[in-house]
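Dear colleague,

Please find below the structure for your attention.

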Amino acid sequence: MTDRLYYHDSYLREFRARVTDASPDRRTVYLDRTAFYPTSGGQPFDTGTLGDAGVTEVIDEDDRIAHVLRTPLRDEEVSGTVDWRRRFDHMQQHTGQHLLSAVLLELIDAPTVSFHLGAGSNTIDIGVSSLDLAQARAAEDRANAIVFDNRPVTVSFQHSSEDLGLRKPTGRAGMVRIVAIQDLDRSACGGTHVRSTGEIGPILLRRFDRMRGNVRLEFLCGARAVTRARADYEALAAIARSFSAPPDEAPALVAAQIEKLQDAGKTQRRLLTELAQLRGRQLHAETPPGAGALRRVVRRVPSIADEVRVEAQSYTAGGKAIYISAAGQPPSILLAASPDSGVNAGELLKSVLAKVGGRGGGNAALAQGSLPSAEALESVLAQLAAANQSA
């Protein structure tokens, strides 16, 4: 059994230990005692060194802890050093999660369903179907007020048979490790934590989204919150500079610009539609009637966009007309026919596509399909041309 030193002192950075077992290549070792925290409860493992070997992963194997090393460890007794920057960051995030979870339960009766401590940000899923901005801001304000109170965070051990007064019941039997924030929270937890809420540093809620019937909140604590807030401000300042305006005015200016772009997009789409209609009418006028007084045209286009369909409908609106448009990337085809052409566009195109493994369909006036290859496209064009000649 490995003596977990971090259970009693999360601030322990260096320790001595004896190797009790190892893999044949000596790159996975087990110690009689360790300060390295293994991945557990949503918190990632510690890194650092054992002797001269870097610790790349720490795995909880029930009664003992496996230390995965970058290079083999030959010594039987070894000094361990925990990467303190990573450890303290995890302590800030994890204690911040306890605080935030307690506040969310206190303010909106939202229990924490799960917790994930990530490399860049953290998330908690809470058991409510929705959360509004005012509730999120209230939780953030309350959490930071408790940070400023600098309340003690303590670790104790009690038997599961006692009245533990936990925020969330535990399924553990026997001795239970309890992390408590004074006058706020008591949770069963094996993770590493700071000594007081002031050490958590600022708590920043960045976003929240619905997730499988719950709400997922992204948050950061301590140095992470400062780094993220600085990056967010710098991004906002860069946007503001592009408008030659102060950052506080940037959101309104961006919103106004988006509205202008949307209006311009609507105008562009209207003009493109009108232009396509004009092209269709001109094309009909310029196409001489053939057999049966039918006007037939085949167009090669980059893609079958909305404007192509509008052009086709405008062309056939002139009467006694058949319009074919072919695109190469990806291979696709459009067929339009006027009511007096004698051609049912949907039925004809569907039958031709079926012969070459294509897919598509439509109605009597307009049909569209996709082809498996350029060769199949050319085959369809040839079949349509033959069918149109007999129409």
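Helix 3 (222-242) supplies the largest share of the lining of the second largest pocket, namely 5 residues. Helices (H or I, at least four residues) and strands (E, at least two) are DSSP runs, numbered from the N terminus. A pocket is, on a 1 Å grid over the protein atoms alone, an open set of points where a 1.4 Å probe fits, with protein on both sides within 12 Å along at least five of seven lines; lining residues have an atom within 4 Å of a point.

This is a predicted model, in which local features need pLDDT of at least 70 and side-chain atom pairs count only at pLDDT 80 or more, while totals for chains, interfaces and linings use all residues. Residues are numbered from 1 along each chain as its sequence is written, and side-chain values use heavy atoms, without hydrogens and water.

The second largest pocket holds about 250 Å³ of space, a volume being the space filled by probe spheres set on the grid points, which are joined across faces, edges and corners. Among the residues lining this pocket are Arg85, Phe88, Leu220 and Arg224.

The largest pocket has a volume of about 890 Å³. Of its 34 lining residues, Arg172, Ala188, Cys189, Gly190 and Gly191 are the closest to its centre. Strand 9 (112-117) contributes the most to this lining, with 4 residues.
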